Amino acid sequence: MNEKLVLGLGGTVDYEIVWDSRVIDNLVLEYAIQASELSRLIAIRSERDLLIALLAFVKDGAGGERFVASSRTVEQFAARFERRITLGGTGVRAAYAMEAVGVSCTLHLVSIDDNVRRLLPRESAYISSAERDTLDPHLIVQFVEGSRVRVGELELRSPHANRVIFANDPPNAELVLSDDLGASLERAELFMISGFNSIQSEELLLRRLDDMRRHLSHLPNDALVFYEDAGFHVPTLSRHVREALLERIDVYSMNEDEMQAYVGRALDLLDVDEMAVALGELRELIPAALLVVHTKFWSLALGARADDYEDALRGAIQMASTRYVRGDGFTERNYEQTGLLPVNPLGADFAHGIRDRLGAEVCCVPAFLLTVAQPTTIGLGDTFVGGFIAAIARRGR
């Protein structure tokens, strides 16, 4: 157990299904889905709605997280595919990644059942606000580049590998904080916060943020607070988190999908001029001490002390890349082997260009050049976080 690293705020039980084009094609025919209906933003009240949203994500090669009106819909869809049960949540998946390189932590959970007890990282401790066992699984669908689906006369072909999460999870939507959190933070050197995105009630979110500020008062002043953004089920609520916590957040991190949602448009991630403008807009919206953005081509830190986190960015990219290639259960040797791979030349050109454009306020590290037939796209952002935190924890070893 490591009391110096505390990761929260919630964990999940995940149903990871194996993509089966035959099943998808049959469902499209059964539900008579038309290409004109495809929308990532459709309210998901049935299996048909879930399929419409999924196909829209596949068409765009995009990833995301969507709320489902009933867990029964998740169970219904998952039962049609080969699946395996894993644990998710940013903190939990980050802890798995950290454990691969010998770094343990204390996890904050909001739900518990036998799956969680059986599958949690062995070297990490946990505290939980749960008063009883519950199971509200998250459905995770990953698809590879080139995944094909026929919708009427149109054949969809995914331009990128990615994953989509569908869930109805009351414990994470309520996100009750454990009374033990404050005491756990008293000895912490780093606290990772994620999970407020699942709350859909403005009143409830404001109460939880008040609770969080109370617990944060126990955290030493020199402890680092890392906040990992995520797709808010109610996007307008994200501002409350910034208003309540931004002064205490040292590193504010997000992926490419979240960045584009904030600036309100799709971006060419390799266009230096376009990205410089977008990063300026992002910084105005989120004036954090340090912004971190992680993408498939590069990851960067933006702020006055950006270069201080170059090692953390490299460790984060290396960890996420190892999961992309190796999947679950990778080892420290796998992690070290990933570090020997060539970097993506497009990412390297962008890294040089954005540094020339923005100067010392940006530190940009290119991704690795990865070629794998069946990549793992689930949990890459969470694993990035684990690599970032592990690199900080291993400094001076």
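This is a predicted model: local features need pLDDT of at least 70, side-chain atom pairs count only at pLDDT 80 or more; totals for chains, interfaces and linings use all residues.
**Entry 1: where H8 touches H9**

On the H8 side I listed Glu202, Leu205, Leu206, Leu209, Met212, Arg213 and Leu216. They meet Arg239, His240, Val241, Ala244 and Leu245 of H9. By residue class, I noted 8 nonpolar, 1 polar and 3 charged in this contact.

Next I looked up the geometry. H8 covers residues 202–216 and H9 covers residues 238–245. Their axes lie 10 Å apart and the packing angle is about 25°. Angles under 35 degrees count as roughly parallel, so I wrote H8 down as roughly parallel to H9. The crossing of H8 past H9 is right-handed.

**Entry 2: H11 against H14**

How do H11 and H14 pack, and at what angle? I found an angle of about 55° between H11 (residues 272–285) and H14 (residues 345–358), with the axes 10 Å apart. H11 and H14 are therefore oblique to each other. Here I again noted a right-handed crossing, with H11 passing H14.

For the contact itself, I have Val272, Asp273, Met275, Ala276 and Leu279 from H11. Their counterparts in H14 are Phe350, Gly353, Ile354, Arg357 and Leu358. I sorted the residues of this contact into 7 nonpolar, 1 polar and 2 charged.

**Entry 3: the sheet**

Then I turned to the strands. I read off an open sheet of 5 strands, ordered S3-S10-S7-S2-S4, and its pairing is mixed. At the edges I found S3 (64–67) and S4 (83–88), each of which pairs on one side only. From one strand to the next, the twist averages 25°.

**Entry 4: S7 and its neighbours**

Which strands does S7 pair with? One is S2, residues 12–17, which runs parallel to S7 (residues 138–143) and is joined to it by 4 bridges. Within this pair I noted Tyr15 opposite Leu139 of S7, and Glu16 opposite Ile140 of S7.

Another is S10, residues 162–167, which runs antiparallel to S7 and is joined to it by 6 bridges. As one example from that side, I looked up Val141, whose bridge partner in S10 is Val164.

How many residues of S7 are buried? I have 5 of the 6, so S7 is largely enclosed by the rest of the structure. For tracing side chains later, I jotted down a reminder that in a regular strand they alternate between the two faces of the sheet.

How values were computed
Residues are numbered from 1 along each chain as its sequence is written. Side-chain values use heavy atoms; hydrogens and water are left out. Axes are lines fitted to C-alpha atoms, for helices over the stretch in contact, and angles run from 0 to 180 degrees between N-to-C directions. Helices (H or I, at least four residues) and strands (E, at least two) are DSSP runs, numbered from the N terminus. Angles under 35 degrees count as roughly parallel, over 145 as roughly antiparallel, 65 to 115 as roughly perpendicular and the rest as oblique. A crossing is left-handed if the near helix is turned anticlockwise from the far one by less than a right angle, and right-handed if clockwise. Contact means heavy atoms within 4.5 Å. Ala, Val, Leu, Ile, Met, Phe, Trp, Tyr, Cys and Pro count as nonpolar, Asp, Glu, Lys and Arg as charged, and the others, Gly among them, as polar. Two strands pair if DSSP finds at least two bridges between them. Buried means under 20% relative accessible area, exposed over 50%, partly exposed in between (1.4 Å probe, protein chains only).
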